[in-house]
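Welcome! Have the structure open and try each one before reading on.

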Amino acid sequence: MSFVQLPESVTTCRNLVGGEWLVPRDASLLDIHSPYTGGVIGRVPLTPAEGVAQAVEAARAAAPGWRATSLRERTTLMSRFRHLLESNLDRLSHLAASEAGKTVAEARAGLLKGIEVCDFALSLQNLDTGGGMEVSRGVSCEFRREPLGVVAGITPFNFPGMVPLWMFPIAVTVGNAFILKPSEKVPLTACAMGELMVEAGIPRGVFSVVHGGRETVEALVAHPDVRAVGFVGSSAVARRVYAEGSAQGKRVLALGGAKNHLIVVPDADEALTAQSVVDSFTGCAGQRCMAASVLLAVGDVQHIIEQVRERASRMEVGPGMGAIIDRASLTRLETAIAAAERAGARVLLDGRGKKPAGEKWAGGYWLGPTILDGVRPDMEAAQRELFGPVMSIVRVPTLSAALEVENASPYGNAASIFTTNGAVAQAVVEGARVGMVGVNVGVPVPREPFSFGGTGESKFGHGDITGASSLGFWTDLKKVTRKWTSRTDGSWMS
């Protein structure tokens, strides 16, 4: 089987600091295991606070010159980077799949979504040109967007390419010096993108990569010269990063977890719904904040549930669905399935023990699509983010009851309604307390420039991480009011 090309040798990652690739002093090394095989494909340094300070200092030194560079020139450099991303798309897709457990197609799709964010960043030279007007005779007001200085992005394992690309193309294009701290589980793709940024001609210190775990994150968040922190990860860590950063006066936008609901009503299109539900809860092996976790079955939708089960049963782990990130996550998922059984749920489809054919993949971390039926809203399977290819079916009598279950969740990331009735769809659009809603769409991720972000426990901070809403996070607005001469024919402001 050749659904993914694993790295041929073990790579030791380095930090990109001041334009140089360095192994941080006194840093221990952590093995990187491919979810496909369990084998070691790389090693990553766990950067201590001193190494973080070195990167921040290089970024701080580079920030004034980059700030003074025109938007047009910054855009030209990012355009070169975008071209290099496209030229290396196949290599990056296999690399991201190797370390994150994605299929190559999923890794490629994530990178293409990241390129879409690059396109938005490139559009800023034409769209984000400031504004001005004469507010009174002889008096004008204008605003101009200015970078913050040194900013940082802390990104998760599940999208090694896409989530960093949500952040740094925009943050760098608007004039910031950016420090990327990728998940220590998936550092290889971040290093590869750093190499492309260097090849594109990014000035030394404007883009940095710093590897590490909790100590590295805490040092970045605590450093006084880091003005803003973008974060994507679990809600527990997002809350902590937001609290610690905000307490120090930093700008923080921390995206957390989710418990997304798909509401299915009897008039839904059977084929469209079944395919969308399966794609939603099995895509990326369920390891994404936009994955469907709960199917709210309204009334008699058994015919659709049977189609969902039948389609999911044909999914083949390996070429059709990727692996779980590590052994601990696989054990956690298997434990959650067993706990749901004990609580009274029925396993409609059991993915435990599924593996791809071939001895090479026997050591990987695999779980096939799993469907739990008869789940009650108070069960752990209906409330906690499991982060795997597990779908819990909660049966409810009415659309109002479905919305009650949805809105009782502390998360507020996404929800979808499957129906052929416009009034039913509109009721969910208006009634679901989430940041993103889909109508007959299983993964309602907005396209740029429509920004990405949830509500509730799914987001700590204001604004969104991409699109037009992100500009207010990565920059300040400076307002200028001008008057050159006294006027006798003006208003009170003159």
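**Exercise 1.** Is Ser-458 buried or exposed?

*Solution.* Before starting, note that this is a predicted model, in which local features need pLDDT of at least 70 and side-chain atom pairs count only at pLDDT 80 or more, while totals for chains, interfaces and linings use all residues. Residues are numbered from 1 along each chain as its sequence is written, and side-chain values use heavy atoms, leaving out hydrogens and water.

Step 1: look in the loop between β21 (455-456) and β22 (459-460), where Ser-458 is found; strands (E, at least two residues) and helices (H or I, at least four) are DSSP runs, numbered from the N terminus.
Step 2: read its relative accessible area, which is 1%, so Ser-458 is buried. Buried means under 20% relative accessible area, exposed over 50%, and partly exposed in between, using a 1.4 Å probe and protein chains only.
Step 3: list the contacts (heavy atoms within 4.5 Å). Beyond its neighbours within four places in sequence, Ser-458 touches residues including Ala-254, Gly-257, Tyr-411 and Asn-413.

**Exercise 2.** Find Cys-191 and describe its surroundings.

*Solution.* Step 1: go to helix α6 (residues 188-200), which holds Cys-191.
Step 1: with 9% relative accessibility, Cys-191 counts as buried.
Step 2: setting aside neighbours within four places in sequence, Cys-191 is in contact with Cys-13, Arg-14, Trp-21 and His-211.
Step 3: compare sequence with space. Asn-15 is 176 residues from Cys-191 in sequence, yet their C-alpha atoms are 8.1 Å apart.

**Exercise 3.** How do helices α2 and α4 pack?

*Solution.* Two packed helices are described by the angle between their axes and the distance between the axes.

Step 1: take α2 (residues 71-87) and α4 (residues 104-127); their axes come within 9 Å and cross at roughly 160 degrees. Axes are lines fitted to C-alpha atoms over the stretch in contact, and angles run from 0 to 180 degrees between N-to-C directions.
Step 2: name the arrangement. That angle makes α2 roughly antiparallel to α4 (over 145 degrees is roughly antiparallel, under 35 roughly parallel, 65 to 115 roughly perpendicular, and the rest oblique).
Step 3: find the residues that meet. Among them are Leu-71, Met-78, Phe-81 and Leu-85 in α2, and Ile-115, Cys-118 and Leu-122 in α4.
Step 4: sort the contact residues of α2 with α4 by class, which gives 8 nonpolar, 3 polar and 4 charged. Here Ala, Val, Leu, Ile, Met, Phe, Trp, Tyr, Cys and Pro count as nonpolar, Asp, Glu, Lys and Arg as charged, and the others, Gly among them, as polar.

**Exercise 4.** Why is helix α13 described as largely enclosed?

*Solution.* Step 1: of the 10 residues of α13 (residues 399-408), 7 are buried, so the rest of the structure largely encloses this helix.
Step 1: the buried ones include Leu-399, Leu-403 and Glu-406.
Step 2: the buried residues of α13 pack against β13 (260-264), β14 (292-298), β17 (390-396), β19 (414-418) and α14 (422-431).
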